[in-house]
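Visitor: I would like to learn how to read a few features of a protein model, beginning with a single side chain and moving on to domains. Could you take me through them with the structure in view?

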Amino acid sequence: RAVAMSVSHSSRLNKLVREQYVRLPQDGLVQVTYVWIDGSGEGGGDLSSTPFPALSPSCLTDVPEWNFDGSSTAQAEGSNSDMFLVPVRMFRDPFCLDPNKLVLCEVLKYNRKPAETNLRHTCKKVMDLVKDSHPWFGMEQEYTLLGINGHPYGWPDNGFPGPQGPYYCGVGADKVYGRDIVESHYKACLYAGVKICGTNAEVMPSQWEFQVGPCEGIEMGDHLWMARFILHRVCEDFGVVATLDPKPMTGNWNGAGCHTNYSTEEMRREGGLK
């Protein structure tokens, strides 16, 4: 019998109706969606807010700082909850389409000091100190697709798929689940300008990986976080959940991580590793 997949109600809304509005002309105005990391510090903590339209921004200096209620994102107390969003990296918006933008932001507290989850602030200082070494990074982000019931997407409702072995880099309906989501995420990242460079099915069924890089310095974190945001946003449209949990399923099932490849200019020269 057919198995009813656990997907969100909103994914069943008629997307053609939404398309009618997405394609409306904007008369030279632009929607800017601000993206930041909330108090959880995890990929699912990316949030977005669309303020009033502005004339098309050509660079970050055209994008104003914004603010939000940090008490609603576990980043501030209700008695003093104003937080600042400082734009740091701009991308094309694959959901609202050109000329609209996604803007990654750092979060500052009411006193202009970095929020506790704003680890980019310190990382940027380090990367500036070592910029003459031209550090390159490539990140391999593993994740698992879940139904909204928390069960891996495509797994039997009351059981488990066959043992691991045929799923890694697999092909076929009995080996991979959710490829439509993966390919949509890849195309959305390409459109946005994220430096995505690969993807593959992973060892556990419903587990996937995408790769970002090579990126230099702080650019790596910016592109990886935007790729994570876009992943969550694409999954929202399909009605499923992407988790970065390192061990979403107990037992003899593969864990998930984010592998890091790194080099400096000196390492990349002939004989550099030696």
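Visitor: With which side chain does the side chain of N200 make a polar contact?

Guide: A polar contact is a pair of N or O atoms within 3.5 Å, where within protein one must be able to donate a hydrogen and the other to accept it, and residues adjacent in sequence count only if both atoms are side-chain atoms. Here the partner of the N200 side chain is the side chain of Q211, at 3.0 Å. This is a predicted model, in which local features need pLDDT of at least 70 and side-chain atom pairs count only at pLDDT 80 or more, while totals for chains, interfaces and linings use all residues. Residues are numbered from 1 along each chain as its sequence is written, and side-chain values use heavy atoms, with hydrogens and water left out.

Visitor: Is N200 buried or exposed?

Guide: Buried means under 20% relative accessible area, exposed over 50%, and partly exposed in between, with a 1.4 Å probe and protein chains only. N200 counts as buried because its relative accessibility is 15%.

Visitor: Which residues does N200 touch, leaving aside those up to four places away in sequence?

Guide: Contact means heavy atoms within 4.5 Å, and on that basis N200 touches Y168, C169, W208, E209 and Q211. N200 itself is found in strand β9, residues 196–201; helices (H or I, at least four residues) and strands (E, at least two) are DSSP runs, numbered from the N terminus.

Visitor: How should I read the domains, and what separates their centres?

Guide: Domain bounds come from an automatic or database domain assignment, which gives domain 1 as 10–131 and domain 2 as 133–268. Taken over C-alpha atoms, their centres are separated by 22 Å, and 29 residues of domain 1 are in contact with 28 residues of domain 2.

Visitor: What area is buried between domain 1 and domain 2?

Guide: Buried area is the accessible area (1.4 Å probe) that two parts lose on being put together, summed over both. Between domain 1 and domain 2 it is about 2,400 Å², of which carbon and sulfur atoms give 67%.

Visitor: How many salt bridges does the rule find across this interface?

Guide: A salt bridge is a side-chain nitrogen of Lys or Arg within 4 Å of a carboxyl oxygen of Asp or Glu, and the rule finds two across the interface of domain 1 and domain 2. R120 forms a salt bridge with D222, with the closest N and O atoms 2.8 Å apart.
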